[in-house]
2 protein chains.
Amino acid sequence: MMKNFFEPLGVAVVGASQKPGKLGHEVLKNIIDAGYEGKLFPINPKADEILGLKCYRSLRDVPEPVDLAVIVVPAPSVPSVVSDCGAKGVRAAIVISGGFSETGEAGKELERQLLEEAKKSGVRVLGPNCQGINNAIAGLCASWPLVRAKGPISIISQSGTVLAAMGCWAERDGIGISKLVALGNKCDVDETELLEYLGRDENTKVIGLYMEGTRDGRKFMEVAKGVVENKPIVVLKGGRTPKGVEAAKSHTRSLAGLDRVFDEAFKRVGIIRVHDVQELYDSCRAFSSMPLPAGPNVAIITSSGGSGILATDACEELGLNVVELPEGLCATLRENLPPECIVRNPLDLTGSATSSMYDVALSKLLVFEEIHSALTIVGDPMPGIADVLAKHLKSGKPVVPVMLGGGKAEEEERAKLADMKLPVYPSPVRGAKALAVLRKYASWKSV
Amino acid sequence: MMKNFFEPLGVAVVGASQKPGKLGHEVLKNIIDAGYEGKLFPINPKADEILGLKCYRSLRDVPEPVDLAVIVVPAPSVPSVVSDCGAKGVRAAIVISGGFSETGEAGKELERQLLEEAKKSGVRVLGPNCQGINNAIAGLCASWPLVRAKGPISIISQSGTVLAAMGCWAERDGIGISKLVALGNKCDVDETELLEYLGRDENTKVIGLYMEGTRDGRKFMEVAKGVVENKPIVVLKGGRTPKGVEAAKSHTRSLAGLDRVFDEAFKRVGIIRVHDVQELYDSCRAFSSMPLPAGPNVAIITSSGGSGILATDACEELGLNVVELPEGLCATLRENLPPECIVRNPLDLTGSATSSMYDVALSKLLVFEEIHSALTIVGDPMPGIADVLAKHLKSGKPVVPVMLGGGKAEEEERAKLADMKLPVYPSPVRGAKALAVLRKYASWKSV
């Protein structure tokens with residue numbers, strides 16, 4: 001069923017427009033520009049051709065099969081378009097148009113009609129009032145802005161902006177996305193069904209979810225529990241404070257419910273909770289490319305003493321263990337590193353560090369069974385460090401890269417890591433948080 | 001006294017090198033490239049000319065007055081260079097060279113000799129083992145990387161990397177810096193003396209400080225108290241956990257002391273404490289260009305419902321008040337905004353928001369006396385928004401810009417704000433935190 005949304009064989013954009021800037025134009029253009037290879041049909045009674053594609057007066061006039069309709073017409077026309085979908089045999093509709101339950105009583109009634117029509121016609125509906133879907137793997141960007149970079153992160157979001165931000169950042173940093181889905185008013189398809197689908201999707205390694213509430217909490221938690229067995233779910237939930245709950249009610253009319261109840265259920269089920277869009281992103285990109293640590297012990301390797309201390313504080317506070325290095329290991333490190341290095345944990349390679357010193361340090365530390373992960377802070381220009389980090393990530397242990405203060409040389413190394421789809425964190429605390437999240441999921445799984 | 005460090009009339013780089021990549025080359029080059037207009041003298045017995053400048057065998061050979069010596073020679077030669085400083089009448093020396101107390105007993109003895117020589121010769125010493133000074137206002141970058149953007153932020157740091165990161169970010173975002181000072185081992189000049197100097201510096205609007213400890217806590221707090229009367233101090237202190245304290249001892253041998261004692265003293269004196277390099281930066285740039293809010297009441301204006309909720313949660317948790325809007329004000333807003341807007345606090349202009357709608361909303365909200373600040377979240381492409389935000393910042397109330405999910409259009413508006421030296425935060429929580437920090441300082445000042 002969900003396959004019609006993500007891997008449709010034919011797509012119609014109902015309400016396609018010739019006018020740049022209009023959503024009906026931008027969405028059609030993004031589907032084209034993202035490289036969708038199936039058949040694409042603009043629908044608009046007043047145009048013959050849009051963006052080089054033959055345009056049809058109505059869905060019913062399209063001579064070929066259509067799996068998915070992307071609807072951008074004014075709200076009052078949406079129910080009849082959904083009826084057309086039924087007649088044409090289109091089984092999935094994304095309703096981008098706003099003007100439904102989010103606007104008050106009249107809109108609520110319109111949304112009821114839309115849903116009734118959908119049920120009658122056998123059409124599944126995503127939205128209304130949503131920012132669409134982007135399946136980067138299939139080159140189907142029925143959303144905006146245009147995001148093309150393919151990667152292992154999928155996001156389900158009750159906020160179009162949170163979704164767009166995740167997509168923009170993942171593209172900027174080379175991490176890429178698998179699927180982005182905006183829920184909108186979720187009159188039909190909801191987060192639970194999407195979680196189930198993405199849980200089985202082999203192109204999705206981690207699922208990020210922005211939510212304000214859910215209709216059937218028990219069902220949601222049941223599905224989430226199953227998904228978490230196979231891949232991590234990171235949740236950002238709006239409505240933690242009484243005023244936040246009130247705002248959520250105005251936003252998508254969702255019953256935000258008692259936040260404490262959600263919080264406890266998340267913990268029980270093994271869902272990781274974060275509190276900001278940036279944390280959602282930082283956590284998802286950690287899971288996207290790093291193995292899980294088998295235990296809490298972390299070795300911090302740094303060229304910046306101060307950053308090493310800040311990372312130590314953060315790791316310790318986040319439940320990681322900046323483990324004391326055994327004397328034998330210290331001796332080995334002393335033998336293999338220049339005398340100015342401060343051999344302990346954090347291991348301070350000092351301002352004269354080179355990437356080959358990081359290489360030596362990581363080699364010696366990661367073979368040691370009691371060390372489960374490394375937080376690698378590069379606080380100076382360090383040509384060659386990207387290759388060293390990538391090499392040691394193959395150890396099977398997470399090696400979390402943090403880079404700051406390295407000027408131009410840092411930009412070059414960051415770009416190399418982006419090419420390898422590896423994350424880089426810009427501060428010691430953000431790096432420590434990313435590692436803590438990996439550890440949280442690992443320890444939940446091993447229970 | 002401190003003036004010799006920041007506004008020297010002549011500068012000598014002792015240990016200047018012809019070899020790119022060497023510190024003695026990079027520092028000299030950065031001083032030239034930053035546009036220092038005073039006389040500059042490379043000192044190296046083995047070269048006639050470096051980077052187009054006449055080179056001298058010794059400080060004593062320089063025929064003109066020198067106020068500041070930047071020393072990059074190997075540690076064992078430093079005491080004799082300091083003695084040369086005394087003979088030549090140089091009153092300030094930045095010792096970049098490492099190999100002193102941070103390396104153990106022998107280095108400790110060398111540092112003692114260095115200090116003894118400095119006292120005897122009447123030379124003040126910054127360092128050793130430090131990343132130098134950058135006075136962007138005077139075009140004097142005796143540090144690295146090269147940072148030229150002038151702005152109102154000054155940073156004192158016991159970590160060269162934290163200092164460099166602050167400089168790099170402030171340059172990237174167009175905010176700019178006033179003075180950056182690396183403390184190193186602080187054998188002589190310390191954070192207290194620098195705080196006092198920067199407290200009086202009219203080009204410094206906010207002081208950021210990374211510290212691990214201080215020798216005379218009472219003196220430090222006394223000076224800080226005086227400075228805070230006039231400008232905010234934001235402190236990032238390493239060594240909050242027992243293992244962090246241990247790491248700090250190894251780093252700069254500083255007595256980290258009981259963190260709790262620091263924490264209480266910071267609060268008493270009105271110092272703002274943060275816990276990550278990024279928070280230090282976010283706080284400093286908030287103070288750099290925004291007025292202080294006269295009270296806790298904030299109006300949140302957003303084009304993204306979800307981000308508005310997340311901001312509401314964050315503001316409420318941080319002690320700000322997402323105040324209920326009086327009915328009269330709501331009526332005015334409804335009259336002046338399209339019907340799809342959700343008129344409450346947060347004010348949701350929805351996905352069809354335009355910059356002129358933000359303009360209208362800010363005009364109506366900011367004249368209202370009970371609203372002390374605005375958090376403005378732009379969650380869509382929004383051409384023209386930078387000018388609107390800049391205009392309303394002149395209201396005398398802080399208007400904190402948050403932008404996310406806006407793709408290419410966002411980049412353009414961000415660049416415009418950077419040109420105007422205004423900060424933009426990339427997530428609702430980071431924006432809320434920046435506003436909370438402004439409020440914290442304002443409420444401390446009004447007590």
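Me: Ala, Val, Leu, Ile, Met, Phe, Trp, Tyr, Cys and Pro count as nonpolar, Asp, Glu, Lys and Arg as charged, and the others, Gly among them, as polar. How do the residues of the lining of the second largest pocket divide?

Reply: Into 13 nonpolar, 7 polar and 17 charged. Some ground rules come next. This is a predicted model, where local features need pLDDT of at least 70, side-chain atom pairs count only at pLDDT 80 or more, and totals for chains, interfaces and linings use all residues. Residues are numbered from 1 along each chain as its sequence is written, chains are lettered from A and ligands numbered from 1 in the order in which they are written, and side-chain values use heavy atoms, without hydrogens and water.

Me: What volume does the second largest pocket have, and which residues are the closest to its centre?

Reply: A pocket is an open set of points on a 1 Å grid over the protein atoms alone, where a 1.4 Å probe fits, with protein on both sides within 12 Å along at least five of seven lines; lining residues have an atom within 4 Å of a point. Volume is the space filled by probe spheres set on the points, which are joined across faces, edges and corners. Here it is about 1,000 Å³. Of the 37 lining residues, Glu279(A), Leu318(A), Val429(A), Lys433(A) and Lys433(B) are the closest to the centre.

Me: Which helix gives the largest share of that lining?

Reply: Helices are DSSP runs of H or I, at least four residues, and strands are runs of E, at least two, numbered from the N terminus. H16(A) gives the largest share, with 8 residues. H10, H11 and H16 of chain B each supply at least two residues as well.

Me: How many residues of chain B are in contact with chain A?

Reply: Contact means heavy atoms within 4.5 Å. By that rule, 55 residues of chain B touch 56 residues of chain A. H11(B) gives the most to chain B's side, with 9 residues.

Me: How many salt bridges does the rule find across the interface of chain B and chain A?

Reply: A salt bridge puts a side-chain nitrogen of Lys or Arg within 4 Å of a carboxyl oxygen of Asp or Glu. The rule finds 4 across this interface. One of them joins Glu317(A) and Arg240(B), with the closest N and O atoms 2.9 Å apart.
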